[in-house]
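Please keep the sequence and the structure in view while reading.

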Amino acid sequence: MHIDWFVFLAQIFNFLLLMYLLKRFLYGRIIKAMDDREAKIASRFAEAEDLKVKANEEAELYEKRNRMLHEKKEIMLNEATMAADAKRKELMEKVRTDVDAVKARWQDMLVREQDAFFYDLRQRAAKQLYATARKALADLADVELEERIVDEFIRRVKALDEEKSVQIRKAISGGGNKVIIQSAFGIAEPRQAQIEEALKKQITNGFTIRYLKQPDIVSGIELRVNGHKIAWSLNEYLEALVESLTETLQKEAHTT
Amino acid sequence: MEIVSLNQISPDQVIIWSWSFIVINATILYTWLVMAILVVGSWFITRHLSSEMNVSRWQHFLEVIISIIRGEISEMTKKGADHYVPLVGTLFLFICMSNVLVVVPGFVAPTSSMTTTAALATCVFIAVPFYGISRNGLFHYVREYFQPNFIFFPFHVMGELSRTLALTVRLFGNIMSHEKVVGILLAVTPFLFPVVMQILGLLIGVIQAYIFAILSMVYIASALSAEDEVHHTETNKEGVSA
C-alpha cells in the first residue's frame with residue numbers, strides 16, 4: 001500500500017487546521033454558551049433559593065408581627081373591658097347618686113307639698129271653725145264672738161301674774177312706750193277703752209296703743225311689745241286639730 | 001461517473017493536480033470539502049448563539065453533539081473533559097461527516113484513503129504522549145514505558161505502534177471495503193440491494209467514527225490514568241513513610 005508522504009503531511013496539517021477552526025468556531029462558542037446558560041440557571045436557582053429564604057424570613061416576621069398584634073389586641077381588649085367596667089360602675093354610681101338626689105328632691109318637694117297642704121288645710125279648717133264657732137256663739141248665746149274674744153283677752157290680761165306683768169312693763173318702756181294690738185277683726189271704741197283700762201290697771205300707765213287689723217290672726221287678738229305678747233286665738237285649738245289630722249293622714253299614707 | 005474506479009484501491013490514486021512533489025489528489029480535495037462544510041456550518045450556526053433558555057434548533061443540535069462528546073470523555077477522564085474535546089470531537093465529526101457523505105453520488109470518503117487514516121492515527125499517536133507529558137511531566141510518562149521493569153519497554157513501544165496501525169487499518173479497511181462491496185454489488189445485483197448496503201454503510205460509517213474517537217480517548221485516558229496511578233502510589237508511599 002503506497003503512502004504519499006506529502007499527502008500524509010497535508011492531511012495531518014488539514015486535520016490540525018480543522019481542529020483549530022472547529023475549536024474557534026464550534027467548541028469554544030458552544031461550550032461557552034452552554035456554560036453561560038448553566039451559570040445563569042445556577043444563578044437563577046441561587047436567586048430562587050435566596051428569595052425562598054427571604055420569603056421564609058418574611059413569613060416568619062409576618063407571623064411574629066401577627067402574633068404580637070394578636071397579643072396586643074388581647075391586652076387592649078382586656079384594658080378596654082376593664083375600662084368599660086370601671087366606667088359602667090362610675091356611671092352606675094353617678095346614676096345612683098342622681099337618683100338619690102332626685103329622690104331627695106322629690107321627698108323634699110313632697111314634704112313641702114305636704115306642709116303646704118296642711119297649712120292650707122289649717123287655714124281652711126280655722127276659717128271654717130271660726131265661722132262655725134261664731135255662728136254657734138251668735139245662735140246660742142246671742143253674743144258676738146269678737147266680744148267673747150275681747151273678753152277673754154281682757155281676762156288674760158287681768159290674770160297675768162306679777163312676774164309677767166313686770167316683764168311686759170319693762171318691754172313697754174324699752175319699746176318707746178308703744179303697744180300694738182293686732183286682731184282679726186275691728187274692735188269697737190268702748191271695747192278699746194276696756195282693754196286700755198285693763199292694761200293700765202294691770203301693767204302700767206303712760207303708753208300709747210295702736211290697733212291693727214290683721215286677718216292672719218285667725219279669730220284672735222294679740223298684744224305684741226318688744227318680744228313679749230299676750231294673745232288668744234283659735235290657732236291654739238287649730239294646731240291641736242292639725243296635729244291630730246296630720247297623724248291620721250300619715251297613717252293613711254303608710255297603709256296605702 | 002466513477003471518480004475512483006474499482007481497480008483503484010484508494011482516492012489517493014486520483015491525481016487532480018501535481019507539481020514537483022506537491023500533489024492535489026481526490027483525498028485532499030474531499031478532505032477540504034468536508035472541512036469547508038464543517039467549518040462554514042459551525043460558523044453559520046454559531047454566529048448568533050444564545051445563552052438564554054430559547055435557542056435555535058441548529059444550536060440545540062450542536063449542543064447535543066458536543067454534550068455527548070463531553071459526556072463520553074468525562075466518563076473516561078473524570079475531569080478536564082473540555083481539554084480533549086477539540087481533538088476527540090474533531091476526529092469524530094470529520095470521520096463521521098466523511099463517512100456519511102458517501103451517500104452523496106460522486107463523493108469519495110477521504111477516510112477510504114489509508115493516507116488519511118494514517119494521518120489521523122498519527123495525530124492520536126502524537127496526542128497521547130503530548131497530553132500525558134503535559135499532564136504529569138516527561139519523567140513520569142517515560143517511566144511508564146519501563147513498568148513493571150525495563151524488559152517491557154519494547155513491548156510498550158510495539159503496543160503504541162501497533163494500536164496506531166490498528167486505528168489506521170481498521171478505519172481504512174472498513175470504509176474502503178464497504179465502498180468496493182457497494183461498487184461490486186451495483187455491477188452484479190439489482191438496484192435495491194446496494195441501497196440497503198448504503199444504509200448499512202451509513203451505520204458502519206457512524207460506528208467507525210465513534211470507535212475511532214473513543215479508542216483515541218481510551219488511549220489518551222489510559223496514559224493519563226497510568227500516570228495518575230503512579231502518582232497516587234508515590235503519594236501513598238510518602239504518606240506511609242512519613
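How much space lies in the largest cavity? About 80 Å³ of space lies there. The model is predicted, so that local features need pLDDT of at least 70 and side-chain atom pairs count only at pLDDT 80 or more, while totals for chains, interfaces and linings use all residues. Residues are numbered from 1 along each chain as its sequence is written, chains are lettered from A and ligands numbered from 1 in the order in which they are written, and side-chain values use heavy atoms, with hydrogens and water left out.

**Cavities and a pocket**

Rolling a probe the size of a water molecule over the atoms shows where empty space is left. On a 1 Å grid over the protein atoms alone, a cavity is a set of points where a 1.4 Å probe fits but cannot get out; a pocket is an open set with protein on both sides within 12 Å along at least five of seven lines; lining residues have an atom within 4 Å of a point. Grid points are joined across faces, edges and corners, and a volume is the space filled by probe spheres set on the points. By this rule there are 4 cavities of 30 Å³ or more.

| Space | Volume |
|---|---|
| Largest cavity | about 80 Å³ |
| Second largest cavity | about 50 Å³ |
| Second largest pocket | about 380 Å³ |

The residues that line the largest cavity include B:Asn99, B:His178, B:Glu179 and B:Gln198. Helices (H or I, at least four residues) and strands (E, at least two) are DSSP runs, numbered from the N terminus. By class, the lining of the largest cavity has 5 nonpolar, 5 polar and 1 charged residues. Here Ala, Val, Leu, Ile, Met, Phe, Trp, Tyr, Cys and Pro count as nonpolar, Asp, Glu, Lys and Arg as charged, and the others, Gly among them, as polar.

Residues of chain A and chain B line the second largest cavity, among them A:Gln11, A:Phe15, B:Met35 and B:Phe94. At least two residues of this lining come from each of α1 (5-140) of chain A and α1 and α4 of chain B. None of its residues is charged: 5 are nonpolar and 4 polar.

The second largest pocket is lined by 15 residues, and the closest to its centre are B:Leu38, B:Phe61, B:Leu62, B:Ile65 and B:Met97. Its lining holds 13 nonpolar and 2 polar residues, and α1(B) supplies the largest share, 6 residues.

**Where the chains meet**

Contact (heavy atoms within 4.5 Å) takes in 49 residues of chain B and 31 residues of chain A. The buried area, which is the accessible area (1.4 Å probe) that two parts lose on being put together, summed over both, is about 3700 Å² between these chains, and carbon and sulfur atoms give 75% of it.

Between chain B and chain A there are 2 salt bridges. A salt bridge is a side-chain nitrogen of Lys or Arg within 4 Å of a carboxyl oxygen of Asp or Glu. One of them joins A:Asp35 and B:Arg70 (3.6 Å, N to O).
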